[in-house]
Amino acid sequence: MTPHLPLALGAMNYVEIIRDASLIELAVLLLLMGVSVASWALIAMKASQLAKARAQSLTFLDTFWKASRLEAIYQTAQKLDGSPLSKVFCAGYEELTKLAQTKDGGTEGALAERLGGIENVERALHRASTAQITELENRVSFLGTVGAASPFVGLFGTVIGILSAFNQIAEQGNATLATVAAPVGNALFATAAGLFAAIPAVVAYNSFVSRIKVFDTEMSNFSADFLNIIKRHFFR
């Protein structure tokens with residue numbers, strides 16, 4: 001059996017739909033087209049950003065657990081500018097370096113007492129983690145807005161189109177199926193356009209939010225591990 005949806009889409013006269021559309025319908029279609037293009041561009045950008053973050057984070061973790069010196073890890077982390085974990089580490093390492101430079105005595109105990117010691121490093125890690133989550137979430141909410149609002153915008157265009165079609169039918173005094181089907185079908189195109197914009201945005205939004213939550217958990221776990229290492233070697 002031949003699928004009905006491709007047949008229906010292929011049978012549509014899109015030039016006629018645009019020609020017969022009212023100003024409001026055209027505005028709705030242009031708006032949906034604009035947000036759809038913007039959504040796909042944002043999806044491509046975010047997918048690339050998260051893929052880069054994942055690849056570089058794996059590289060950083062491999063370096064972190066294999067290296068024996070924090071300075072060597074720091075040099076590698078600076079090159080992995082797309083990894084949230086490397087940036088969290090850099091923030092903690094730089095704070096630890098500042099504390100080491102301000103100590104007066106030569107004992108590690110004096111360093112632990114100065115300026116809160118480990119608490120300063122912990123705050124630096126937390127600030128960096130929050131900044132990275134904010135960066136990863138940047139503009140993702142736009143996809144959620146498109147996914148939630150586009151069907152209703154399309155429905156609004158459909159309602160306006162149907163009202164306009166019925167007004168034309170009333171003026172002509174002819175309400176047969178042949179005269180009703182074409183204008184009503186054209187009006188329903190706005191709903192299809194709304195769904196076309198909404199569905200990819202919703203799928204991408206849920207995927208990105210899930211992946212960002214994984215990064216959030218990984219940064220929390222890494223911060224805890226890094227703090228434990230610092231406590232064992234620098235704040236005894």
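I note the terms for accessibility before anything else: buried means under 20% relative accessible area, exposed over 50%, and partly exposed in between (1.4 Å probe, protein chains only).

Entry 1, the model. This is a predicted model, in which local features need pLDDT of at least 70, side-chain atom pairs count only at pLDDT 80 or more, and totals for chains, interfaces and linings use all residues. Residues are numbered from 1 along each chain as its sequence is written, and side-chain values use heavy atoms, with hydrogens and water left out.

I looked up pLDDT, the predictor's confidence in each residue, from 0 to 100. The chain has a mean of 84, and 79% of its residues reach 70 or more. Over residues 1-9 the pLDDT is below 50. Where pLDDT is low, the predicted coordinates should not be read in detail.

I find 12 aromatic pairs in the structure. Rings of Phe, Tyr and Trp (its six-membered ring) pair if their centres lie within 6.5 Å; planes under 30 degrees apart count as stacked, over 60 as edge-to-face and the rest as tilted. Phe 60 and Phe 64 have ring centres 5.9 Å apart and planes at 35°, so I list this pair as tilted. Phe 64 also forms an edge-to-face pair with Trp 65, at 4.9 Å centre to centre and 85° between the planes.

Is Trp 65 buried or exposed? Trp 65 counts as exposed because its relative accessibility is 51%.

Terms used:
Contact = heavy atoms within 4.5 Å.
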